[in-house]
Amino acid sequence: MTLRVIVDRDKCCGAGQCVMLVPDVFDQEDEGTVILLDPTPPESLHAAAREAACVCPGGAIRVDESG
Amino acid sequence: MSTNDTEQVPDYPFRSPEPLEPPPQWAELRERCPMAPVRLPSGDQAMLLTRYRDVRGVLSDRRFSRQLGTDRAARIGSDGSETIFENADSASLTENHERWRGRLHKSFTAKRVNAMQPRVEQMTEQLVDEMIQQPPPADLLAMVGFPLPVWVICDLLGVPDVDRDKLAHWSNSMLSMTQYSREQMQAAQAEFDEYMQAHVAAKRAEPGEDLLSELIIAVDEGQALTERELLTIGQGILVAGHETTSNMIGKMMAMLLGERSRWELLLADPSLVRTAVEEVLRFDTNSGFGLPRFITEDVELEGHTIPGGTTVICSMAAANRDAASFEAAETMDLRRSPNPHLTFGAGPYACVGQALARTELQTVLRVLLRRLPTLALAVPAEQLELREGLLIGGFERVPVRW
Ligand code: HEM
Ligand code: SF4
């Protein structure tokens with residue numbers, strides 16, 4: 001199963017929740033905006049990536065698990 | 001809710017019958033009247049939102065403005081006093097929001113906050129050491145919860161340790177809704193302004209490693225912020241980051257010690273600290289007023305129309321217990337994950353300091369679990385006295401023994 005992470009940088013409010021949760025997948029620019037490090041993280045990080053998508057205060061993270 | 005035309009408009013904020021229980025109105029309104037007219041302390045009317053989807057939707061929607069200082073928006077405080085939501089400076093901050101928020105974020109990214117953690121831990125250890133020098137009982141709020149966030153903010157602003165108490169006092173007065181008079185609030189404001197002006201001048205002469213020095217350097221390079229904005233942001237951080245976090249530390253410990261099984265679960269498995277802190281944030285019934293927003297145009301929300309000119313109040317605490325969004329919403333589950341609670345707001349204005357606040361809360365909890373495993377409330381949880389009149393709710397004291 002692949003899981004694809006998609007971020008919408010326009011919606012990001014830079015609070016860094018995603019980086020705290022999954023530093024291997026997300027980072028932040030100096031100004032706080034999210035940087036996607038790994039759009040297809042390994043299976044071991046899938047649960048954490050889903051959690052980040054769910055709790056992101058900007059609604060800026062989506063995970064696509066369709067294929 | 002209404003029996004006839006003379007509809008009863010309830011007073012807001014609601015009072016809880018029990019300090020750790022939600023007011024019964026939340027569940028009632030979520031169920032039957034998700035957009036409920038309420039009367040604010042000023043006497044003006046507003047529309048209260050209690051469902052998760054509505055609250056999240058409004059907070060994420062820029063058409064709902066934070067600018068309440070207009071004639072048409074409802075006033076909040078009693079006796080015509082302005083609150084932090086309404087005063088002119090917060091309006092000017094709203095206008096320049098993009099600019100200064102970007103600047104501030106540099107100091108609150110996950111990386112920067114992680115780097116501050118050892119320092120937060122050291123401060124917490126010191127405060128716990130001081131508390132246990134005296135025999136129990138002690139007030140955990142006064143000894144640890146109240147000072148820690150001011151110490152952290154003083155560090156951020158490069159304020160010397162000797163001035164920590166002054167900042168704590170000003171912070172307390174500036175956030176008042178009804179507890180202090182307008183004159184007292186203005187006096188605190190003036191003293192703080194004067195202090196900060198002198199402090200900024202001193203930092204300008206001799207910059208340090210702190211956030212304030214970084215902001216000053218940005219101003220001097222003509223990059224971003226005006227002198228006035230600089231002072232307002234300094235004040236904003238104090239007001240936004242002190243009382244909120246202090247009260248949350250007190251409430252967290254009351255919730256976790258109030259039922260022994262919760263504390264014991266954490267002692268047995270300290271790896272639950274992270275999810276426990278999130279659940280405490282979700283479960284808090286005393287997070288205060290909620291967030292007011294003002295809408296100038298008619299807006300559709302989940303099939304209802306909110307007419308332009310309405311002031312809406314988003315109750316994050318009520319939304320956090322919406323069964324449509326949280327399984328077993330009325331049960332505290334220290335393992336809950338994911339936990340998309342709205343305690344830090346959502347959307348473009350969501351709390352800038354949330355990574356730092358989480359770090360402070362997690363650190364306090366870890367240090368107390370390690371140092372004082374026998375920690376217990378010194379009074380029954382039902383007897384904890386709520387602090388009223390402030391925008392951010394909390395307890396007067398959290399007496400503990402160990
Ligand atoms: C448990 C503790 C805290 C809670 C519950 C909390 C809650 C909130 C909420 C709900 C907002 C959104 C206001 C709005 O949408 O109008 C906010 C904004 C803000 N918070 Fe926090 N906060 C906490 C701690 C902190 C800390 C520790 C800091 C910094 C030291 C901080 C700095 C800020 C700032 C600067 C804003 C304004 C953001 C903006 O306008 O874009 N907060 N906070
Ligand atoms: S959690 Fe969401 S809003 Fe926060 S930094 Fe990550 S993407 Fe941006």
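**Stop 1: the interface**

Start where the two chains meet: 26 residues of chain B and 21 residues of chain A take part in the contact. Keep in mind that you are looking at a predicted model. Together, chain B and chain A bury about 1,600 Å². Carbon and sulfur atoms account for 52% of that area.

Now look for charged partners. The rule finds 2 salt bridges across the interface of chain B and chain A. Select B:Lys111 and A:Asp27 and show their side chains. They form a salt bridge, with N to O at 3.5 Å. Polar contacts cross here too: 7 residue pairs between chain B and chain A, with both residues at pLDDT 80 or more.

Next, colour the helices on the chain B side. Helix H4 (97-108), helix H5 (110-131) and helix H16 of chain B each bring at least two residues to the side that touches chain A. Which helix gives the most to that side of chain B? Select H4(B): it supplies 5 residues, the most. Colour the chain B side by class and you get 9 nonpolar, 10 polar and 7 charged residues.

**Stop 2: helix H2 of chain A**

Select residues 46-55 of chain A. This is helix H2, and its buried residues are A:His46, A:Ala49, A:Glu51, A:Ala52, A:Ala53 and A:Val55. What covers them? From chain A, the cover includes strand S1 (4-7), helix H1 (17-21), strand S2 (26-28) and strand S4 (61-64).

Zoom in on A:Glu51, which sits in helix H2 of chain A. Is A:Glu51 buried or exposed? Its relative accessible area is 12%, and the cut-off for buried is under 20%, so A:Glu51 counts as buried. Now show its neighbours. Leaving out residues up to four places away in sequence, A:Glu51 touches A:Leu21, B:Arg274, B:Ser337 and B:Pro338.

**Stop 3: the iron atom**

Move to ligand 1 and select its iron atom. Which protein residue supplies a donor to the iron? The single protein donor is the SG atom of B:Cys351, 2.3 Å away. Trace the chain around B:Cys351. This residue lies in the loop between helix H15 (316-319) and helix H16 (354-371) of chain B.

**Stop 4: chain B as a whole**

Zoom out and show chain B as a cartoon. Its secondary structure comprises 16 helices and 11 strands. Chain B has 402 residues, and 56% of them are buried. Finally, look at how its contacts span the sequence. Of the contacts in chain B between residues at least 6 apart, 73% link residues at least 24 apart.

Technical notes: Residues are numbered from 1 along each chain as its sequence is written. Chains are lettered from A and ligands numbered from 1 in the order in which they are written. This is a predicted model: local features need pLDDT of at least 70, side-chain atom pairs count only at pLDDT 80 or more; totals for chains, interfaces and linings use all residues. Side-chain values use heavy atoms; hydrogens and water are left out. Buried means under 20% relative accessible area, exposed over 50%, partly exposed in between (1.4 Å probe, protein chains only). Helices (H or I, at least four residues) and strands (E, at least two) are DSSP runs, numbered from the N terminus. Contact means heavy atoms within 4.5 Å. Donors are N, O and S atoms within 2.8 Å of the metal (3.2 Å for Na, K and Ca); water is not among the atoms, so sites may look incomplete. Buried area is the accessible area (1.4 Å probe) that two parts lose on being put together, summed over both. A salt bridge is a side-chain nitrogen of Lys or Arg within 4 Å of a carboxyl oxygen of Asp or Glu. A polar contact is a pair of N or O atoms within 3.5 Å; within protein, one must be able to donate a hydrogen and the other to accept it, and residues adjacent in sequence count only if both atoms are side-chain atoms. Ala, Val, Leu, Ile, Met, Phe, Trp, Tyr, Cys and Pro count as nonpolar, Asp, Glu, Lys and Arg as charged, and the others, Gly among them, as polar.
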